[in-house]
Amino acid sequence: MAAASEQNVEFVQTGYGKNMVKVLFIRREGSYHTILELKADVELTLKTRKDYLIGDNSDIIPTDTIKNTVHALAKIKGVKSIEQFSLDICHHFLTSFNHVLRAKVHMEEAPWRRLEKDGVEHAHAFIFSPQTCRFCDVEQNLGGVPVIHSGLKNMKVLKTTQSGFEGFLRDRFTTLYDAKDRCFCTSVYSRWLYNKVQDIDFDAAWKCVKDTIIEKFAGPYDRGEYSPSVQKTLYDTQGLVLQRVPEVDEIEIVMPNQHYFTIDMTKLGLENKDEVLLPLDNPSGNITGTVRRKQRAKL
């Protein structure tokens, strides 16, 4: 078989790295401890491709070294947030080696929450509380500005009323009835792009986006808020996020519509007033949208 260099082929993209690098970082301030557990996927792209072309490994930074570097940087730099730590990792590889063209980090934070009783926080004990998964993606090219995304996923929310779906297009295959009132359940995925690198409170920004998604989904606590479609709720949420978090330029939200259908109990001689419902794992509707701030016209 002819060598790749002799074939009519060219590289589109290359990269390698270490996945699932785990760290538990403990900040000890006297008897008061704070923790952040993370797992990181680190990928590097090198200037040369001789490892692919001729099997020359002399430029490869071993993936075991990448793992050790993540551990060492946690000690040297500390871990303030997963976004800042991802920036530290990218900066290290791009400044420590002159043949690294690109560094990319995907990082997830484990959802530990400090134990609390009667408004008093425990000094050093935590409970695993997986309401949602926080993640980030940071990518930087040699000599370039980092591109930072934050996000959340697997945030499952449900409301039992104040949701409907009516007036949709019908054709000969449509069997769905209008729904004036229904259960609305979804598992939210969201990912947003920051418009700057420095002077961002990543923790505060992430919390604001999360709280805004919940607020627009649920509405006021005493009466809720009607949703005529998942699309409308999704769009209203995005607009409010961009209004509240000026550091965010673009936001994607995905809301799969996880269905609950009222079980017909007439054959059992029972009247079911939307009290007993059947959860359906699939199929499910999937609604997605990405919005960004309008680009200013260039003079």
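Which residues line the largest cavity? The legends below begin with that site in this predicted model.

**Figure 1. The largest cavity and its lining.** The residues that line the largest cavity are Thr14, Gly15, Tyr16, Leu44, Thr45, Leu46, Thr48, Asp51 and Tyr52. The elements giving two or more residues to this lining are strand S2 and helix H1 (50-53). S2 supplies the largest share, 3 residues. The largest cavity holds about 50 Å³ of space, and a search of the whole structure finds 1 cavity of 30 Å³ or more. Sorted by class, the lining of the largest cavity has 4 nonpolar, 4 polar and 1 charged residues.

**Figure 2. The largest pocket.** The volume of the largest pocket is about 900 Å³. It is lined by 26 residues, of which Glu109, Trp112, Arg113, Arg134 and Trp206 are the closest to the centre of the pocket. At least two residues of the lining come from each of strand S1 (16-29), strand S2 (32-46), strand S4 (112-117), strand S5 (120-128) and helix H4 (202-218). H4 contributes the largest share, 5 residues. The lining of the largest pocket divides by class into 10 nonpolar, 4 polar and 12 charged residues.

**Figure 3. The second largest pocket.** A volume of about 610 Å³ is found for the second largest pocket. Among the 22 residues lining the second largest pocket, Leu176, Ala179, Arg182, His259 and Phe261 are the closest to its centre. Helix H5 (230-244), strand S10 (260-262) and strand S12 (285-292) are the elements that give two or more residues to this lining. The most come from S10, with 3 residues. In the lining of the second largest pocket, 10 residues are nonpolar, 9 are polar and 3 are charged.

**Figure 4. The crossing of helices H2 and H3.** Helix H2 spans residues 63-77 and helix H3 spans residues 82-96; their axes come within 10 Å and cross at roughly 120 degrees. That angle makes H2 oblique to H3. The crossing of H2 past H3 is right-handed. On the H2 side, the contact is made by Ile66, Thr69, Val70, Leu73, Ala74 and Lys77, which meet Phe85, Asp88, Ile89, His92 and Phe93 of H3. The residues of this contact comprise 7 nonpolar, 2 polar and 2 charged.

**Figure 5. The crossing of helices H4 and H5.** The axes of H4 and H5 come within 9 Å of each other, crossing at roughly 145 degrees. H4 and H5 cross in a right-handed sense. From H4, the residues in contact are Cys208, Val209, Thr212, Ile213, Glu215, Lys216 and Phe217; from H5, they are Thr233, Asp236, Thr237, Leu240, Val241 and Arg244. The contact of H4 with H5 has 6 nonpolar, 3 polar and 4 charged residues.

Figure 6. Asn282 and Pro283 are joined by a cis peptide bond, with omega at about -5 degrees. Pro283 lies in the loop between strand S11 (277-279) and S12.

**Figure 7. The positive phi of Asp118.** Asp118 is a residue other than glycine with a positive phi, near 55 degrees. Most residues other than glycine have a negative phi. The loop that holds Asp118 runs between S4 and S5. S4 and S5 each supply at least two residues of the lining of the largest pocket.

Conventions
Residues are numbered from 1 along each chain as its sequence is written. This is a predicted model: local features need pLDDT of at least 70, side-chain atom pairs count only at pLDDT 80 or more; totals for chains, interfaces and linings use all residues. Side-chain values use heavy atoms; hydrogens and water are left out. Axes are lines fitted to C-alpha atoms, for helices over the stretch in contact, and angles run from 0 to 180 degrees between N-to-C directions. Helices (H or I, at least four residues) and strands (E, at least two) are DSSP runs, numbered from the N terminus. Angles under 35 degrees count as roughly parallel, over 145 as roughly antiparallel, 65 to 115 as roughly perpendicular and the rest as oblique. A crossing is left-handed if the near helix is turned anticlockwise from the far one by less than a right angle, and right-handed if clockwise. Contact means heavy atoms within 4.5 Å. Ala, Val, Leu, Ile, Met, Phe, Trp, Tyr, Cys and Pro count as nonpolar, Asp, Glu, Lys and Arg as charged, and the others, Gly among them, as polar. On a 1 Å grid over the protein atoms alone, a cavity is a set of points where a 1.4 Å probe fits but cannot get out, and a pocket is an open set with protein on both sides within 12 Å along at least five of seven lines; lining residues have an atom within 4 Å of a point. Grid points are joined across faces, edges and corners, and a volume is the space filled by probe spheres set on the points.
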